[in-house]
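Please open the structure in your viewer and keep the selection tool at hand. The tour below moves from one selection to the next and says what is there.

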Amino acid sequence: MCLINQYDALQICAEDSASWYDMRNFPGLDVCRLILLLADFAAENPLRWKATRLRMEAPELGMEELRIALATSRATLYRHLRPIIIGEYAGESPLHRSPHETGCTLTWRRTVRLCAWSVLNAERWRVIRCSNSLPGARQEEVAGICRVTQQRVSEYLRPFRLPDDDNWIYKRNTEEIF
């Protein structure tokens with residue numbers, strides 16, 4: 001086990017070659033855990049997620065270009081780009097990995113899609129995560145922990161499906177995500 005930051009987690013997702021065709025071809029459990037940690041990170045820190053994602057997807061941009069693209073001060077940009085520990089990782093240490101181009105694997109794209117959704121639906125994401133981490137908890141207990149109504153918990157826990165394309169992201173204000 002090693003502690004991992006958001007950049008290393010994203011790099012591991014970018015390197016994952018899972019096809020997601022069926023359960024046998026999904027990413028390993030350690031990568032799936034990283035995907036959930038990244039979605040937690042994005043929901044809790046939308047502006048830091050925005051900066052992290054832009055840094056990973058456009059490494060050629062200098063600090064001044066990033067600052068302008070994100071419409072933020074230099075101090076805020078440096079604070080948002082600082083690596084922070086998001087959890088533990090049981091797989092191969094990311095320190096021994098070679099740099100990899102981002103955005104080219106299905107795992108990368110689906111991770112970014114889930115993170116964007118968790119930013120736009122942070123409250124729902126927290127309820128889903130709380131409910132899954134406490135499988136025996138009643139909806140009233142989850143509502144109390146998440147500080148929402150029981151009716152909202154019931155609504156949030158209804159099954160839904162994220163669209164398979166990224167067009168849904170652009171229907172919302174892209175400033176919230178990117």
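## A tour by selection

Begin with helices α1 and α2, whose crossing is left-handed, a term used when the near helix is turned anticlockwise from the far one by less than a right angle, with right-handed used if it is turned clockwise. Select residues 6-15 for α1 and residues 29-44 for α2, and you will find axes that come within 10 Å and cross at roughly 135 degrees. Those axes are lines fitted to C-alpha atoms, for helices over the stretch in contact, and the angles run from 0 to 180 degrees between N-to-C directions. The angle makes α1 oblique to α2, because angles under 35 degrees count as roughly parallel, over 145 as roughly antiparallel, 65 to 115 as roughly perpendicular and the rest as oblique.

To see the contact (heavy atoms within 4.5 Å), show the side chains of Gln6, Ala9, Leu10, Ile12 and Cys13 on α1 together with Val31, Leu34, Ile35, Leu38 and Phe41 on α2. Nine of these residues are nonpolar, one is polar and none is charged, where Ala, Val, Leu, Ile, Met, Phe, Trp, Tyr, Cys and Pro count as nonpolar, Asp, Glu, Lys and Arg as charged, and the others, Gly among them, as polar.

Before going further, note that this is a predicted model, in which local features need pLDDT of at least 70 and side-chain atom pairs count only at pLDDT 80 or more, while totals for chains, interfaces and linings use all residues. Residues are numbered from 1 along each chain as its sequence is written, and side-chain values use heavy atoms, with hydrogens and water left out.

Now show the whole protein chain, which has 10 helices and two strands, arranged from the N terminus as β-α-α-α-α-α-β-α-α-α-α-α. Helices (H or I, at least four residues) and strands (E, at least two) are DSSP runs, numbered from the N terminus. Of the 178 residues, 41% count as buried, meaning under 20% relative accessible area, as against over 50% for exposed and partly exposed in between (1.4 Å probe, protein chains only). Among contacts between residues at least 6 apart in sequence, 72% join residues at least 24 apart.

Return to helix α1 and select Ala14, which is found there. Is Ala14 buried or exposed? Its relative accessibility is 0%, so Ala14 counts as buried.

Move on to α3 (residues 46-57) and α4, with axes that come within 11 Å and cross at roughly 135 degrees, which makes α3 oblique to α4. Here the crossing is right-handed.

Finish at Thr72, in the loop between α4 (63-70) and α5 (74-81). Thr72 counts as buried because its relative accessibility is 18%. Not counting residues up to four places away in sequence, Thr72 touches Arg67 and Leu77.
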